[in-house]
Amino acid sequence: MTKTNIAKLRKQCLGRPDETVLILDPDTYAETIALYDYMVYGDRDPIKDGYIDRLYGFRGVLECRDMPDGVKGALVPKNAFAWATRSIRVVVPEQYAEYGVVTDPETSMSLTVLKHGALATGAGYLNVGCMFGMKFLAPTKCKLIV
């Protein structure tokens with residue numbers, strides 16, 4: 001992975017680079033972030049969060065740990081897939097001191113939050129969960145990097 005090779009991937013996008021996400025396997029992602037000093041790039045977030053915003057004009061560059069064998073990455077248009085979430089139904093509300101649903105304004109992900117305790121130990125617990133699904137809408141617009 002070199003800076004030149006990353007820049008050349010822009011030509012392989014089936015759409016506009018600024019609407020394409022470059023997804024890389026962990027080794028290739030590590031090689032990519034090693035090319036940049038975080039103080040020059042801006043901060044440590046690419047190393048902590050596995051996402052680099054707007055690198056070389058891509059919508060983003062991110063790490064994916066579940067690439068098929070032999071695949072180093074993929075060029076994926078930002079609208080090539082859709083995802084949906086649903087909060088989890090609280091079956092026995094009396095078991096919880098507090099419960100409710102929180103929706104993230106940025107992603108619209110709905111999370112069920114449950115607060116409860118164990119009287120025997122005095123311990124308190126906070127559980128957060130959701131149901132979600134994803135579907136590729138335009139797999140033919142995605143391009144694998146092998």
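**Cavities.** My notes on terms: on a 1 Å grid over the protein atoms alone, a cavity is a set of points where a 1.4 Å probe fits but cannot get out, and lining residues have an atom within 4 Å of a point. Grid points are joined across faces, edges and corners, and a volume is the space filled by probe spheres set on the points.

**Ground rules.** This is a predicted model, where local features need pLDDT of at least 70, side-chain atom pairs count only at pLDDT 80 or more, and totals for chains, interfaces and linings use all residues. I number residues from 1 along each chain as its sequence is written, and side-chain values use heavy atoms, with hydrogens and water left out.

**The second largest cavity.** I got about 30 Å³ for its volume. Its lining includes Cys-13, Thr-20, Leu-75 and Lys-141. By class I noted five nonpolar, two polar and two charged residues (Ala, Val, Leu, Ile, Met, Phe, Trp, Tyr, Cys and Pro are nonpolar; Asp, Glu, Lys and Arg charged; the others, Gly among them, polar). Which strand gives the most to this lining? That's β4 (residues 73–77), with three residues.

**The sheet.** Next I followed β4 into an open sheet of five strands, ordered β2-β3-β1-β4-β10 with mixed pairing. Strands are DSSP runs (E, at least two residues), numbered from the N terminus, and two of them pair if DSSP finds at least two bridges between them. At the edges I found β2 (51–53) and β10 (143–145), each pairing on one side only.

**β4 and β10.** These two run antiparallel, joined by three bridges. I checked Gly-73 too: its bridge partner in β10 is Ile-145.

Technical notes. 1 Å grid on protein atoms, 1.4 Å probe; cavity = no way out; pocket = protein on both sides within 12 Å on 5 of 7 lines; lining within 4 Å. Helix = DSSP H or I, 4+ residues; strand = E, 2+ residues; numbered from the N terminus.
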